[in-house]
Each structure stands twice: as C-alpha cells, then as structure tokens.
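Please have the sequence and the model at hand while reading.

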Amino acid sequence: MGQSIPFRPTALIVEDDPMQRAMICLLLEESEFDVIECESAEAAELVLQRDAEGLALMMTDVQLAGAMNGVELAYVAKQCNPRLDVIVTSGNPLPRELPDGAQFLKKPWAPLDVIREAERKAFALRAEHNSPPRRH
C-alpha cells in the first residue's frame, strides 16, 4: 500500500504590515497549515473568488491597504464560503459588526491565541477529512 499524504488545511492571511504577516504565516505553518498571503483585501477577494471552498481559515486585519477594510472582507469571505473560519484583528474598535461566525481578536493578541484557534480548526478538519465516507 502507498503512503497517504497528510491533510494540510489552507489559511488565507490578509495583513498589509509585512512583519505582522510573516509572523502570522510562521505561526500557522508551525501548526501545519499551508498559507496564502495577501497584503490587501482586493488581492484576498480574488483568492476567495477562485478558491474559497479550499480554505479553512482566513485571518485579516481591519486596516488594510486599498479601498476595502478587513470587516468588509469578512463579509465577502463568508458569502464565498459560509463554513470558513474568519478571524478579524484590530487595536481599535470595529467599524461595524462582524458577520455571523466571525471572531474578533483585539491587538495586541497573543500568538498562543492564534495557534489555539488554528489547531482547533485543523483538528476538526483532519477528523472530517480522515473519516470514512457516509453511506446512504
């Protein structure tokens, strides 16, 4: 029998600060995620339109380069994939309410908070991915 390839969920990271983005990506890669990086909501929207169903998690800052902010992007993400876990971060109060199912992490957040959320999601997805198909 052949070796099975381990399932690696994919996260979309949307952050215009390169240092913050690199740190978040590293945290998620350490939690065995594949990572797609975007520095603007508009770039992330293209990824969502192309591959929202292939994503497990999106983490975005509220303040982003471009015309769209992270809260608006959270709504786009949830429209593209209602099951997508969305984390929105900011050091300021949110400009409006988040869509249902999205979470808010106030800056400065602890790296452990991101790791816990990512690993919780990864565990659930791996269990779902590795379970035998249901018979009807």
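Which residues point one way from S4, and which the other way? Asp85, Ile87 and Thr89 point one way, Val86, Val88 and Ser90 point the other way, and all are buried; buried means under 20% relative accessible area, exposed over 50%, and partly exposed in between, with a 1.4 Å probe and protein chains only. The model is predicted, so local features need pLDDT of at least 70 and side-chain atom pairs count only at pLDDT 80 or more, while totals for chains, interfaces and linings use all residues. Residues are numbered from 1 along each chain as its sequence is written, and side-chain values use heavy atoms, with hydrogens and water left out. Helices (H or I, at least four residues) and strands (E, at least two) are DSSP runs, numbered from the N terminus.

**Nonpolar cores**

- The largest nonpolar core has 23 residues; such a core is a set of buried Ala, Val, Leu, Ile, Met, Phe, Trp, Tyr and Cys residues joined through side-chain atoms within 4.5 Å.
- Leu12, Val14, Leu48, Met58, Leu73 and Val86 have the most contacts inside this core.
- Two or more residues each are given to the core by strand S1 (10–14), helix H2 (41–51), helix H3 (70–80) and strand S4 (85–90).
- H3 supplies the largest share of the core, five residues.
- Another core, of 17 residues, lies apart from the largest one and includes Ala56, Leu57, Leu105 and Trp109.
- In soluble globular proteins, nonpolar side chains tend to be buried together.

**Strands and their pairing**

- All five of the five residues of S1 are buried, with Thr10, Leu12 and Val14 on one side and Ala11 and Ile13 on the other.
- S1 runs parallel to strand S2 (residues 34–38), and five bridges join them; strands count as paired if DSSP finds at least two bridges between them.
- Within this pair, Leu12 stands opposite Ile36 of S2.
- S4 is likewise mostly covered, six of its six residues being buried.
- S4 pairs with S3 in the parallel sense over five bridges, and Thr89 in S4 is the bridge partner of Asp61.
- Val86 is in contact (heavy atoms within 4.5 Å) with Met58, Ala74, Ala77, Lys78, Gly101, Ala102 and Gln103, leaving aside its neighbours within four places in sequence.

- The buried residues of H3 are Gly70, Val71, Leu73, Ala74, Val76, Ala77 and Lys78.
- Their cover includes S1, H2, strand S3 (57–61), S4 and strand S5 (102–106).
- At the start of H3, a side-chain oxygen of Asn69 comes within 2.9 Å of the backbone nitrogen of Val71.
- Asn81, in the loop between H3 and S4, is buried because its relative accessible area is 4%.
- Asn81 touches Ala52, Glu53 and Leu55, not counting residues up to four places away in sequence.
- The C-alpha atoms of Asn81 and Leu55 are separated by 8.4 Å, although these residues are 26 residues apart along the chain.
- The side chain of Asn81 also reaches the backbone nitrogen of Arg83 at 3.0 Å.

**Charged residues**

- Arg96 lies in the loop between S4 and S5 and is partly exposed, with a relative accessible area of 44%.
- Arg96 lies over the face of Tyr75, at 4.2 Å from the ring centre; this requires NZ of Lys or CZ of Arg within 6 Å of the ring centre and within 35 degrees of the ring normal.
- Arg96 touches Val71, Glu72 and Tyr75, not counting residues up to four places away in sequence.
- Lys121 is found in helix H4 (residues 111–130) and counts as buried because its relative accessibility is 10%.
- Leaving aside neighbours within four places in sequence, Lys121 is in contact with Ala56, Arg83 and Asp85.

**Backbone features in loops**

- The peptide bond from Lys107 to Pro108 is cis, with omega near 0 degrees, and Pro108 is placed in the loop between S5 and H4.
- Glu32, in the loop between helix H1 (18–30) and S2, has phi near 65 degrees, a positive value in a residue other than glycine.
- Glu32 counts as partly exposed, at 43% relative accessibility.

Note on methods. Polar contact = N/O pair within 3.5 Å; in protein donor to acceptor, adjacent residues only side chain to side chain.
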